Every structure is written in structure tokens, then in C-alpha cells.
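Reader: I have a new structure to look at. Please show me how to read it, one feature at a time.

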Amino acid sequence: MSILVDQNTRAIVMGATGTEGTFWTEHMVNLGTHIIAAVTPGKEGEHVGDIPVYHSVRRALDSRAPDTQAIDTRGPVDAPADAAMLFVPPRFTKDAVFECLDAGIKLIVTVADGIPLHDALQIRSAALSCQAKVIGGNTSGIISPGKAMLGMFPYWIERVYKPGRIGVMTRSGSLTNEVTAMVVRAGFGVSTLVGVGGDPVPGMRFSEVLAEFEHDPETDAVVMIGELGGTMEEETAEMLESGAFSKPLVAFIGGRHAPKDRRMGHAGAIVSGGKGGALDKMRALEKAGALTAERASQVGILLAEALKSSSQGAASANSDRSSLSADSARGDSTRDRRYE
Amino acid sequence: MKLHEYQAKALFREFDIPTPQGELADTVEAAVNSGEHIGWPVAFKAQVLRGGRGKAGLVKIVQTPEEARTAAQAIFASDWKVRKILVEPAIAHERELYVSFSADSRTGTHLLLASAEGGVEIEDLARTAPEKILKKRIDSIRGIMPYQARSAAYDLGLAPSLAKGFASIIEKLYRLYVQKDCELAEINPLFVTPEGNFIAADAKISIDDNALFRHPEFEQDPADFDSDIAREAAVEGIPYLQFDGDISLMCAGAGLTTAVYDLVADFGGTVANYLEFGGPNYRKSVRAMELCIKNNPKVILIVTFGTIARADIMAEGIVEAIRRLKPNCPIVTCIRGTGEDKAREILLSAGLEPLTDTEEAVKKAVELAHIAYSTATERPTPAAASRQGGQP
């Protein structure tokens, strides 16, 4: 298993006809993601690869009848699509998210960088009241290596995107490659990687992703890549303290030396009113029992340590390693196919 | 984008929130004249975007022209680079209240904060007497309901005669906050005059940068940037922070750049600037390097691990930038991610050493910055730097 996306996910893509959208839609399909339709207003009748394009989400869903033959692990298939991937500019993202929510889609990934704050609040609010999950904006998306992705990940870089049993959640893109490479270097692989994004109001928060990882039998431990600003890291510390999350957690928090009241690249990365400092976050996490890495290079070592010391950890770590050879073989074949 | 007090108060007036009738002065003479014009005593308030101007002595009540001249001179001469003083009549008041709107990211709501004890920093009040701050969540889709503003006023214990006026100020401030896409809209203090009227004595407004496309009325004053380079970077849309150390960071990805910033400090180096040319800017290597060079850094440190930002395109851009700009300081490169094999070839063919480990790259940059100090008379060229780094 994995969380949020896997080979059973049936997704639509909004904005697949743009340059970036087309490029990454093809890669999502290459990795094994099941994309059933694309949506771009005004382009119904066109195709992106083999994927038909529709004017609206509703029209796409109505035209793609449920595949009654398909039975996925969660039971019979009753809806033509259960996820949406949005390659939509930030100023139109709120509209696109609401269109998906109104059509009943419960998992939406938006990569848009620069969603207005008040739009993001409304997106978060609407998602909560529909019990839907919105990932992003300002993220690379989600990937379950070897299975599927909704996002933009160079999954063919096998020293990063190796299937395995470690969950990764992150506020950053490039730093995630850096840290995940260390996870893989230490002999592990990734069950699912979730980019919650670098905005101050992400659609889905670390604590909510952590709850998913808690219930995933194929995730043994979680690596959290956080940074200064906001309270998401503190919320995960609370989950550790309350026992709501019971697996090992290794955290890397960027911005230990960041000056106050300066925005460090991401809109959400700012210490304001004396709150949200990286060191405070690290202290809260340590107090709750997480292992914290000062540098990316320490993450793999701490992970091995955490898994060894947790009771069933040793066994899981071993099985993780032994399953790797099979997984990496599959990874290779995927990569080769892509390069043909 | 933070607004100056005078700009925020202009917005208040637009939304029918009463403010003192002030005048803006940009010279000592103009400030004294405004005092005469308004009538003594007046308040001189330095227009700066940084917090803490009160403690720095940049807000003064002055009684006479002589006092005003001395105060204005001191304010303009301070190291806060004050360019404007807001001159306002001193307002008699009986109470100071607090009200603000901001975003609550966890619940996706707006947050109304109010207190009957305004005039102090809200963070200080939150620490010392959190029970004195009233919090109400406002549904971001439905908006504020009149009962919410009303009950805020009554919950603070205001008499019915005052509560009505306060509720009205709350609703007006909410309208401004939403219509202008604010991150923060704050009145602190909100004066209550002996006649029972409300006047916003101070105003703090910050506009969401991501929403500026729907607000052409806001334009950043060039003088409000940290440096000319920071302003140029902003025009280019490249995230940039000005520091005064040795190493220019030219990295892709905000999270990675922040992590590199930490490592530079860990290894004993200092940062000249934080520049992030990932995401939509990854084809702007030449422009990015140009901005870095303007800081006369001892080293330019390039670290990337791109996903959308392709390594090969960035490498090509960097080689092109070196060819065109001929930087006279060493350049350390650590470029990985999508297209990294091709990137490696491009860097090698240009005589650069393509490192693959971030820590190694940062250590090397810090080392080269120290070398630059010891051989201050002659700066090493990029090729020489590579040799120092152990390149055969």
C-alpha cells in the first residue's frame, strides 16, 4: 500500500494541454498513473496523448462512464474519477478547486505557486466542509514511487525515487530531493512522498498527512521536511505526544539561522511575532520523541537509528532492505521505458 | 507588501474609518510648518516599515516649534533612513482598544482579534495576559456576520453606547481587509475620545503579494527595498534577500536555498545575498548571476536539485553567464536533478568542477571565501578556484 495515490487512482488532469501540463501528464502516465480525462475549457475533442479533453470537469465525468469491470482494492469502482491534478495558474486555482469539489472529487492536487492568501483560506475551508483533501499549492505534488504520481517528480532519478517503506512529507521541492536522496542512500525507499507545499495556508497539513501514514501498514517511519514559519511542525509534535502517531518520525527543519521577519523564499517561511522559529520547532519535536536532523546528510542515519530502536523496527528495516532489490529492478524497467 | 502608516490611513478613510487629519512632511521645515498649520501640540511619527519605531524614539509629541525642529532633525538623522514624517494633531482619548484581522491557516478562516487594552504590542499582551484578547473565527466563504462584530464588542465589556460604534469599526475594517486582500489589517490603538467617538491612531496593513495582480493601486516604493539589487531582483520576480557577508547564494528552490543558508552559517561562512532562481526563473541564470556579482562576493555558490527547474538548462545558463559577465570570484557548482548528466558535461566543458554533495560544496565555498581574505590583493579566477578545490 501507500497513501493517497496508487495504481488504482483514477484521475483527471486540468490544464493538461499547456506545455508543462502535457509534459508532466505524459510522465504521470509513464509511471503508471491512471488518467481518465483532461479538462481545458474550449478544447473539448482534442487529446493529450491518448487522453480525451473536455470543456468542464462535469462533462468529463459524465462522458467517462464508471468502469464496472474494474475492482480496486477498496471495492467496486463507482465513480469515473476519484482524483484531480491541477496545472492551473494561481489566479484561477480557486475556481478550478471549487469546480472539482462541486463535482464530488475528494482528492485534488494543485501545483500552482502564488495562490492568493484569501483564496487559499476559502479552498481550505471548502475542502474541510466537503471532507475532501486538497494538496498544495506551491508543491510538486504526491508520488508513490513505482506506482503512481499526481505531480511533477523526476521519478527516473533512482537515487531519490526508490520504492520502499518510508513516508516523506515536505514543504519544499528541491530540498526534498536532497533529503530523500539521503533516505535512499541509507538503504531505504519511499512508500509515498507528499508535498504539502510552501504556502502559509496549505490545503492539507502535515498532521493530516501523518494520520494517513499512521494507518498505512506499508509505511514504517516518516521523514518530515519542514521549515521556519507557521505551526505545522508543532502540530505533528502534538500528535506524537498524544500517541495519535506511533511510528518513528525523523524531522529536518530548514531555517535555523534565518533572520527574523524575513521571508525565506517560500511565502510561508517567515518568523513573525516571535513565532515559528526553526529551533523552537526542533525543540518541540525532540520533546515529543522525534529525532531531528540539523543537516540533510544526517536524516538517513537517524532513520536507521529510529527504526532499530522501535520495537518492531529492526524487522521492518530488514524487510525494507530486502524488498529493495525487487523494487529497484522494477524502477529500472520503468526508467528504461521512459527513455525509449 | 507592507504599507506605511500614512498609506494605511488613506485606505481607512476610503473605508470610512475615522483617522486624525494628518499631513505628510519630508523635510524638517515642512514638519514644523505642518505643526503650525495643524496647531500645537502635534505628534511626529516617522514613516518606516520596520516595527519598534516607538522604542527607537521615532514617535514624538511636540509642543512648540523649537521642540518640533529638534525632534524632526533627530528623526531624519536616525539610522532608520526615515524619509517622511506623518504630522498629526495630538488626540485626547479616554481609552485605547485593539482590533485586527488576519488569516488562520489551520481552519481556513479569518481571525478577528480584539481587546479593550490596546496600545501595547499584541504579541506582548498575548504573552502577559492572553485572557484579555478576544478571538473570533470568521468563515472565509460566508464572511463576517453583524452579530459577530456585535458580540465581540459586548464580550469585551463595552457599554451599549460604545459597542455599536466599535462593531461598526470592526465591520468596516473587515471590508477593507477582504476587498484589499490583506494579510493583516490592524488598528492599534483605536482611540475612544471623551465624546465617545472612535479614531484610528495607528494603522498597520500588509497586502498579500500573491494578490497584487488584482490590486494595481498598490505599487512598492523603490526606496522601501533593502538595496538597489533587491529592487532589481523584485522587478525580475526573483526571490532575493540582501545580507552583507562574503558568499553569494545562487540556488534553485526556496527550501534548498534556506538549507544552504543554514549550512554556510554552520561551517563558519557569511552570506552576501540569498537568491533563488528555481521554479519559473530557472532560465534566468545570466540575470541571477549579474545580481550576485553586484555584491562583489568572495564566492558565488550555486546549489540546485531541480524537478521542474532542469539542471541542463541551468548549467547552460551559468556557462553563458560566466562567458558574458566574467565574474572575478570563484564559482562553486553543485547542480543536480532533472537533466543532471547533461548538466555535468556542460559544466566540465566550461572548466567548472561539478560537485554533487551539498555539504561538500558549501564547505568549499566557505574555504574559498577565507582564501580570498588571505590573498585579498588578487582574487582567484574560476579556473584557479577549481584547482584549489583539488581538480587535477
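**Reading helices, sheets and domains**

Author: Start with a pair of helices in chain A. A:Phe206, A:Ser207 and A:Leu210 of H6(A) meet A:Met232, A:Glu233, A:Glu235, A:Thr236 and A:Met239 of H7(A). Sorted by class, the contact of H6(A) with H7(A) has 4 nonpolar, 2 polar and 2 charged residues. Keep in mind that this is a predicted model.

Reader: How is a pair of packed helices described?

Author: Two things describe two packed helices: the angle between their axes and the distance between the axes. Now take the case here. Helix H6 (residues 206–214) and helix H7 (residues 232–242) of chain A have axes that come within 8 Å. Those axes cross at roughly 40 degrees. H6(A) and H7(A) are therefore oblique to each other.

Reader: At what angle do the axes of H10 and H11 of chain B cross?

Author: Roughly 15 degrees. Helix H10 spans residues 311–325 of chain B, and helix H11 spans residues 340–349. Their axes come within 7 Å. The angle makes H10(B) roughly parallel to H11(B), because angles under 35 degrees count that way.

Reader: Is the crossing of H10(B) and H11(B) left-handed or right-handed?

Author: The crossing of H10(B) and H11(B) is right-handed. From H10(B), the residues in contact are B:Ala311, B:Asp312, B:Met314, B:Ala315, B:Glu316 and B:Val319. They meet B:Glu340, B:Lys342, B:Ala343, B:Ile346 and B:Leu347 of H11(B). The contact of H10(B) with H11(B) holds 7 nonpolar and 4 charged residues, with no polar ones.

Reader: What about H2 and H3 of chain B: how do their axes cross?

Author: The axes of helix H2 (residues 28–38) and helix H3 (residues 65–77) of chain B cross at roughly 140 degrees and come within 9 Å. H2(B) and H3(B) are therefore oblique to each other. H2(B) passes H3(B) in a right-handed crossing. On the H2(B) side, the contact uses B:Val28, B:Ala31, B:Val32, B:Gly35 and B:Glu36. On the H3(B) side, it uses B:Pro65, B:Ala68, B:Arg69, B:Ala72, B:Gln73 and B:Phe76. By class, the contact of H2(B) with H3(B) has 7 nonpolar, 2 polar and 2 charged residues.

Reader: Now the sheets. What is the order of the strands in the sheet of 4 strands?

Author: Read a sheet from one side to the other. In chain B, the open sheet of 4 strands has the order E1-E4-E2-E3, with antiparallel pairing. Strand E1 (23–25) and strand E3 (59–62) of chain B stand at the edges. Each has a single partner strand, so one side of each is left without a neighbour in the sheet. Neighbouring strands are turned by 25 degrees against each other on average, direction ignored.

Reader: How many bridges pair E2 with E3 of chain B?

Author: Strand E2 (residues 42–46) of chain B pairs with E3(B) over 4 bridges, in the antiparallel sense. For B:Val42, the bridge partner in E3(B) is B:Val62.

Reader: Which strands are at the edges of the sheet of 5 strands?

Author: First its order: E11-E13-E12-E14-E15 of chain B, an open sheet with mixed pairing. The edge strands are E11 (240–242) and E15 (331–337) of chain B, and each pairs on one side only. The twist averages 10 degrees from one strand to the next. Within this sheet, look at strand E12 (residues 247–251) of chain B. Its 3 bridges to E14(B) join strands that run parallel. B:Ile247 has B:Val299 as its bridge partner in E14(B). Then look for the helix H12(B). H12(B) lies across E12, E14 and E15 of chain B, at about 170 degrees to E14(B).

Reader: Step back to domains. Into which domains is chain A divided?

Author: Chain A has domain 1 (1–138) and domain 2 (157–340). In their contact, 19 residues of domain 1 meet 21 residues of domain 2. On the domain 1 side, H4(A) gives the most, with 6 residues. That side divides into 12 nonpolar, 5 polar and 2 charged residues.

Reader: Which domains does the assignment give for chain B?

Author: Domain 1 (21–89), domain 2 (95–214) and domain 3 (225–388). Between the centres of domain 1 and domain 3 of chain B, taken over C-alpha atoms, there are 43 Å.

Reader: How many residues does each chain bring to the contact of chain B with chain A?

Author: Chain B brings 43 residues and chain A brings 47. On the chain B side, the largest share comes from H8(B), with 10 residues. By class, that side has 16 nonpolar, 18 polar and 9 charged residues.

Key: Residues numbered from 1 in each chain as written. Chains lettered and ligands numbered in written order. Predicted model: local features only at pLDDT ≥ 70, side-chain atom pairs only at ≥ 80, totals over all residues. Axes fitted to C-alpha atoms, helices over the stretch in contact; angles between N-to-C directions. Helix = DSSP H or I, 4+ residues; strand = E, 2+ residues; numbered from the N terminus. Parallel < 35°, antiparallel > 145°, perpendicular 65-115°, else oblique. Left-handed = near helix turned anticlockwise from the far one by under 90°. Contact = placed C-beta atoms within 7 Å. Nonpolar A, V, L, I, M, F, W, Y, C, P; charged D, E, K, R; others polar. Domains from an automatic or database assignment. Pairing = 2+ DSSP bridges.
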